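Welcome! Please take a look at the sequence and the 3D view below, and then read on for a short briefing.

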Amino acid sequence: MRNRAHSIRWYALVGLAALLGGCSHYYMVNDPAGTKVYYMTDIDTAKSGAIKIKDAKTGAIVTLQSSEVREISEQEFDSAIKGSKAKP
């Protein structure tokens, strides 16, 4: 009986770790040189300080030398992405 309780706790702990490890981060990136705003869930930073992103609205891959990055909520992200798509 004790082994079963230990196993249940172990699986619960592993499940919790998997859930926490799968959490996404949402970002809004502003290009100060222009008027573009990009939304993404992942950012790659180069040694030069530039960032490479894939815009969630357009699917375009963009490299920015200068940028302002802000983490946003999932609701803000979803609202921005859904608001950009044409409605049928």
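Is Arg70 buried, partly exposed or exposed? Arg70 is partly exposed, with a relative accessible area of 40%; here buried means under 20% relative accessible area, exposed means over 50%, and partly exposed lies in between, using a 1.4 Å probe and protein chains only.

This is a predicted model, in which local features need pLDDT of at least 70, side-chain atom pairs count only at pLDDT 80 or more, and totals for chains, interfaces and linings use all residues. Residues are numbered from 1 along each chain as its sequence is written, and side-chain values use heavy atoms, with hydrogens and water left out.

**Overall layout**
- The protein chain has two helices and six strands, where helices (H or I, at least four residues) and strands (E, at least two) are DSSP runs numbered from the N terminus.
- Starting at the N terminus, the order of elements is α-β-β-β-β-β-β-α.
- The protein chain has 88 residues, and 20% of them count as buried.

**The salt bridge**
- The structure holds one salt bridge, meaning a side-chain nitrogen of Lys or Arg within 4 Å of a carboxyl oxygen of Asp or Glu.
- Its partners are the side chains of Arg70 and Glu76, at 3.8 Å from N to O.
- Glu76 counts as partly exposed, at 37% relative accessibility.

**Around Asp42**
- You can find Asp42 in the loop between strand S2 (37-40) and strand S3 (44-45).
- Asp42 and Ser24 are 18 residues apart in sequence, and their C-alpha atoms are 8.6 Å apart in space.
- Setting aside neighbours within four places in sequence, Asp42 is in contact (heavy atoms within 4.5 Å) with Tyr27 and Ile53.
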